[in-house]
Amino acid sequence: VRLEAQDAALTSLHVFKSRRFGTEEVRQLCEALRDNSTLTELYASGHELDEVAVQAVSDMLCANSTLRTLCIGSQDFGDLGVS
């Protein structure tokens with residue numbers, strides 16, 4: 001809700017490993033970030049991302065010009081995740 005409202009106080013977001021962060025959650029977050037102009041940092045490492053989630057992140061990055069720090073994925077991210 002704060003992302004969608006463009007809350008100026010929300011500049012950094014951490015998704016802890018204990019939180020559910022599957023494909024649907026990634027898709028929803030990326031949808032909110034596409035037009036967000038306040039968040040500059042997103043930390044969500046430790047979560048396995050499938051091809052659909054990685055594509056959602058890629059699409060969001062093409063639209064978002066504010067995000068400066070991005071830390072996502074897990075040790076199993078693999079070559080497909082960065083291509």
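Helices and strands here are DSSP runs, numbered from the N terminus. The model is predicted.

**The loop at Thr66**

Thr66 sits in the loop between helix H2 (51-63) and strand S3 (69-73). Its relative accessibility is 17%, so Thr66 counts as buried; the cut-off for that class is under 20%. Leaving aside residues up to four places away in sequence, Thr66 touches Asn36, Ser37, Thr38, Leu39 and Thr40.

**Gln6**

Which residue has a positive phi although it is not a glycine? Gln6 does, at about 55°. Gln6 belongs to the segment before strand S1 (12-14). Gln6 counts as partly exposed because its relative accessibility is 28%.

**Cysteines**

How many disulfides does the structure hold? The number is 0. Cys30 has 5% relative accessibility and therefore counts as buried. Cys71 is at 31%, so Cys71 counts as partly exposed.

**Pockets**

| Pocket | Space |
|---|---|
| Largest pocket | About 210 Å³ |
| Second largest pocket | About 170 Å³ |

Start with the largest pocket. Its lining is made up of Leu13, His14, Val15, Arg19, Arg20, Phe21, Glu25, Gln28 and Leu29. The elements that give two or more residues to this lining are S1 and helix H1 (23-34). H1 provides the largest share, with 3 residues. By class, the lining of the largest pocket holds 4 nonpolar, 2 polar and 3 charged residues.

Now the second largest pocket. Val1, Arg2, Leu3, Glu4, Leu10, Leu13, Val15, Gln28, Leu29 and Ala32 line it. Which element gives the largest share of the lining of the second largest pocket? That element is H1, with 3 residues. By class, this lining has 7 nonpolar, 1 polar and 2 charged residues.

Key
Residues numbered from 1 in each chain as written. Predicted model: local features only at pLDDT ≥ 70, side-chain atom pairs only at ≥ 80, totals over all residues. Heavy atoms only, no water. Helix = DSSP H or I, 4+ residues; strand = E, 2+ residues; numbered from the N terminus. Buried < 20%, exposed > 50% of the residue type's maximum accessible area, 1.4 Å probe, protein only. Disulfide = S-S within 2.5 Å. Contact = heavy atoms within 4.5 Å. 1 Å grid on protein atoms, 1.4 Å probe; cavity = no way out; pocket = protein on both sides within 12 Å on 5 of 7 lines; lining within 4 Å. Points joined across faces, edges and corners; volume = space filled by probe spheres on them. Nonpolar A, V, L, I, M, F, W, Y, C, P; charged D, E, K, R; others polar.
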